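Subject: A structure for you to explore

Hi there,

Here is the structure I promised to pass on to you. Have a look around it first, and then read on for what turned up.

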Amino acid sequence: MKEPAIKAMIQLLDDSDTEVVQLVEQQIRTLGPSIIPVLESEWEQLSLNPLLQEKIENLIHDFQLESMRNRLTHWKEAGGMDLMEGMWIVATYRFPDYSFSQLKTELDQLYFEVWPQIRENLHPMDQIKVLNGVMFDQLKFGANTKNFHAANNSYINVVLESKKGNPISLCVIYMWIAQRLGFPVYGVNLPNLFVLTYKQKGVQFYINVFNKGLIFNRVDIDNYLAQLNLVPNEIYYNPCSNLEIIRRVLRNLIMAYDKAGDEEHKNELSQIIDSLD
């Protein structure tokens, strides 16, 4: 449908006949997310009609949500190989104009700040200690303990800008840099805490990124699970998949919006995570 026809339909959303409004809205929804630019343009010109603006806002939000859900489904079905693509898709739920190319540029800039500080031929633990020094002392990444349950802790673009996040968002950034450096570092899905493991050729230890990269071992996980009265399971000791990481990020967001009393966003994200199961 051409743009003038779409604009004419948008104006009919303000019709006094509710049946006409319903039919027009149904027709607009069949056009899909591609008409978002037209909707945004019309929204800007309707400052004197707040009710129509609200209807357009709802349409835009629904289209953006549809796009985000479709991208995430496609990412999963393609194997979820690129974790940062998954993190970007999640971020577009709250920041729909945030581009994947922008995220990649920000990550590349971060890597080029870290890379000159890393030395070769060090023991794996010493490599991680050097990376810890750059990440937490030089670049000032750290735990957002004041607002631990805030939704922004799960949006990768906000965490890169503020350098504050929750365990999983900090781990994702740390892991991406470590892997770019060639370190065998992966995510581990512990109950109530997301950590990393360095695992290669008989060498394995763990990294608590939320605690400035504290290094610990398998016995520490045993003790942690005992405190939670949980039976040890290999999933608590070994790398998890990118899909599991994205699911956990979404669960964190659902919890954040639940604590904030935001039922709309909580319900939308619950439907999205259900579609990934």
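Helices (H or I, at least four residues) and strands (E, at least two) are DSSP runs, numbered from the N terminus.

Two notes before we go on. This is a predicted model, in which local features need pLDDT of at least 70 and side-chain atom pairs count only at pLDDT 80 or more, while totals for chains, interfaces and linings use all residues. Residues are numbered from 1 along each chain as its sequence is written, and side-chain values use heavy atoms, leaving out hydrogens and water.

The expected span is 1.5 Å times one less than the number of residues.

Helix α4 (residues 50–77) has 28 residues and reaches 40 Å from its first C-alpha to its last, close to the expected 40 Å. Its buried residues include Leu52, Ile56, Phe63, Met68 and Trp75. Among the elements that cover the buried residues of α4 are α1 (3–11), α2, α3 (36–44) and α12. Just after α4, Gly79 takes a positive phi of about 110°.

**The cores**

A nonpolar core is a set of buried Ala, Val, Leu, Ile, Met, Phe, Trp, Tyr and Cys residues joined through side-chain atoms within 4.5 Å. Which residues touch the most other members of the largest core? They are Leu131 and Met135, out of 66 residues in that core. Leaving out residues up to four places away in sequence, Met135 touches Val114, Lys140, Phe141, Ile173, Tyr174 and Ile177. There is also a second, separate core of 17 residues, including Ile6, Met9, Ile35 and Val38.

**Salt bridges**

How many salt bridges does the structure hold? There are six, each being a side-chain nitrogen of Lys or Arg within 4 Å of a carboxyl oxygen of Asp or Glu.

Start with Glu25, which forms a salt bridge with Arg29, the closest N and O atoms being 2.9 Å apart. Both lie in helix α2 (residues 18–30), four residues apart, about one turn of the helix. Glu25 is partly exposed at 27% relative accessible area, and Arg29 is partly exposed at 32%. Arg29 also forms a salt bridge with Asp62, again with the closest N and O atoms 2.9 Å apart. Since Arg29 lies in helix α2 and Asp62 in helix α4, this pair ties together parts that are 33 residues apart in sequence.

Another pair is Arg180 and Asp108, whose side chains meet at 3.0 Å, N to O. This one links distant parts of the chain: Arg180 is in helix α9 (residues 167–180) and Asp108 in helix α6 (residues 100–114), 72 residues apart.

**Two loop residues**

Most residues other than glycine have a negative phi. Lys140 has a positive phi of about 70° although it is not a glycine. You will find Lys140 in the loop between α7 (124–138) and β1 (142–143), where it is exposed at 52% relative accessibility. Lys212, also not a glycine, has a positive phi of about 55°. Lys212 lies in the loop between β5 (203–208) and β6 (214–216) and is exposed, at 59%.

Enjoy exploring, and write back with any questions!

Best wishes

Technical notes: Buried < 20%, exposed > 50% of the residue type's maximum accessible area, 1.4 Å probe, protein only. Contact = heavy atoms within 4.5 Å.
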